[in-house]
Amino acid sequence: MNCPHAAGSAAAPTGPGGALPEPLAIDPLVRDLAGETAHLCAAAPLTRIELLGAPAWTVTRHAEARQLLTDARLVKDIGAWRLWQSGEVTAEWPLIGMVNPGRSMFTVDGAEHRRLRTKTAQAITPRRLDALRPVVERVTAELLDSLAAAAAEGDGVVDLKEVFAQPLPMRVVCALMGVAESEIPRQMRLWKAFFSMLTPQDERLAVMAELDRVFTDMVRQKTAEPTDDLTSALILADEGGEPLTEEEVVGNLKSMIAAGHETTITLLLTTVRGLLTHPEQLAMVREGQVTWETAIEEALRYDPPVTHLLMRFATEDIEIAGTVIEKGEGVVISYRAIGRDAGHHGADVDAFDVARPTPIRHMTFGHGPHICPGAALSRLEAAVALPALFARFPDLRPAVPVAEIRNLPVLTQNDLESFPVRLT
């Protein structure tokens with residue numbers, strides 16, 4: 001399913017007098033992720049897609065994605081979207097929470113983005129990450145005990161996602177933000193409903209409103225009584241201009257917890273899946289011939305946590321790879337297809353290979369001004385948790401054929417339904 005080199009792909013004509021190609025419908029229920037990726041990889045570098053009734057462009061190649069992700073004419077402000085301006089897309093559109101989640105560093109550009117992102121960068125310091133490593137190690141050890149207990153209580157089969165990969169990043173990001181552990185079950189419930197395409201839109205809007213209330217209450221509490229956590233740091237950050245507003249702190253925190261825990265869940269599971277289905281490569285990693293960090297980067301390229309990132313909007317016509325993105329049109333970044341670009345990664349792009357030449361130059365955490373601010377934390381969690389998992393359970397193996405492991409109906413995330421394993 002590898003993506004051919006961009007130079008060898010003819011782009012469909014667009015603009016005045018040019019016929020638009022038939023859009024590729026992106027399946028919101030994710031019933032065939034591999035097939036969808038193959039279709040995207042066989043298409044042009046810029047391809048027309050349809051997202052639940054909303055037409056857009058998607059970029060499927062590494063070079064074009066790098067170019068677009070640094071193009072100031074593509075913005076995150078939904079007000080630039082022609083379909084939003086015309087009322088063809090409203091708050092009732094099922095994906096609106098992904099595109100218009102509220103004001104934060106993820107939804108503004110230029111000077112305002114730099115102001116909001118600078119405040120977050122001041123808060124997520126190397127010192128704070130260093131302080132989190134013992135937290136990651138402690139939570140990992142506790143969850144490994146939970147895995148063993150769950151396997152012993154049943155028939156030896158345990159869901160690696162439910163017991164290990166899912167609670168780990170949520171507990172860590174909540175510790176970073178100063179969210180009480182008693183609040184974690186509610187956070188997990190709300191974000192699961194937010195991302196699922198099976199959630200009715202009225203319920204999704206209610207979930208979004210509840211998240212706003214939860215984080216607003218927390219920000220107000222931390223404003224009155226600051227503590228040593230990310231929320232308080234964002235509230236108190238005063239360098240580089242005016243401080244963040246309450247709405248901006250809430251928006252940043254919502255976006256960070258959503259992106260931070262979901263991506264890390266998948267990173268843990270897809271790295272495990274890649275290694276368990278390639279035991280010779282797992283042996284290389286465990287024997288030190290290949291580092292855990294390299295294995296993690298290969299999983300990020302080959303089986304990334306994010307499938308499609310929604311959305312940027314053209315403020316003027318943009319010509320790229322022989323195609324015109326017209327002013328007001330939306331652009332999606334298809335990271336899974338980009339990771340299979342043979343023109344960038346080589347002819348063996350469809351192979352999971354921890355021994356491929358390094359460095360593995362993928363863009364799974366983004367590129368340009370909006371590159372993921374939590375990438376270092378996600379990598380830290382994986383680098384701590386994965387070696388500990390395989391050290392504790394060296395005979396870890398899938399309990400079902402890997403081909404039977406399905407994705408949840410989450411259009412933007414490579415979110416596995418479950419991952420049954422045997423520990424011994």
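This is a predicted model: local features need pLDDT of at least 70, side-chain atom pairs count only at pLDDT 80 or more; totals for chains, interfaces and linings use all residues.
Local features were taken at pLDDT of at least 70 and side-chain atom pairs at pLDDT 80 or more, whereas totals for chains, interfaces and linings use all residues. Residues are numbered from 1 along each chain as its sequence is written, and side-chain values rest on heavy atoms, with hydrogens and water left out.

Six strands make up an open sheet of mixed pairing, in the order β1-β2-β3-β9-β6-β4. Strands (E, at least two residues) and helices (H or I, at least four) are DSSP runs numbered from the N terminus, and two strands pair if DSSP finds at least two bridges between them. The edges are formed by β1 (24-25) and β4 (74-75), each of which pairs on one side only. Strand β6 (residues 309-314) pairs with β4 in the antiparallel sense over two bridges; within β6, A314 is the bridge partner of L74. Strands β6 and β9 also run antiparallel and are joined by three bridges, with V331 of β9 as the bridge partner of R312. Five of the six residues of β6 are buried, so this strand is largely enclosed by the rest of the structure. Buried here means under 20% relative accessible area, exposed means over 50%, and partly exposed lies in between (1.4 Å probe, protein chains only). Helix α2 (residues 62-69) lies across β2 (46-51), β3 (54-59), β4, β6 and β9 (330-333), and runs at about 110° to β3. Such angles run from 0 to 180 degrees between the N-to-C directions of axes fitted to C-alpha atoms, for helices over the stretch in contact.

The largest nonpolar core has 84 residues, and L147 and L389 have the most contacts inside it. Helix α12 (residues 246-276) gives the most to this core, with 13 residues. A nonpolar core is a set of buried Ala, Val, Leu, Ile, Met, Phe, Trp, Tyr and Cys residues joined through side-chain atoms within 4.5 Å. Beyond its neighbours within four places in sequence, L147 is in contact (heavy atoms within 4.5 Å) with V158, L160, V163, F164, L389, F393 and L423.

Most residues other than glycine have a negative phi, and most peptide bonds are trans. A cis peptide bond joins L310 and M311, with omega about -20°; M311 is in strand β6. V30, not a glycine, has a positive phi of about 50° and is in the loop between β1 and α1 (33-42). L52, also not a glycine, has a positive phi of about 50° and is in the loop between β2 and β3. V30 is buried at 12% relative accessibility, whereas L52 is partly exposed at 30%.

The model holds 28 salt bridges, each defined as a side-chain nitrogen of Lys or Arg within 4 Å of a carboxyl oxygen of Asp or Glu. In the pair of R171 and E142, the closest N and O atoms are 2.5 Å apart. R171 lies in helix α8 (residues 167-177) and E142 in helix α6 (residues 126-153), so the pair ties together parts 29 residues apart in sequence. R171 is buried at 16% relative accessibility, and E142 is partly exposed at 31%. R103, E112, R115 and E248 are linked in a network of salt bridges.
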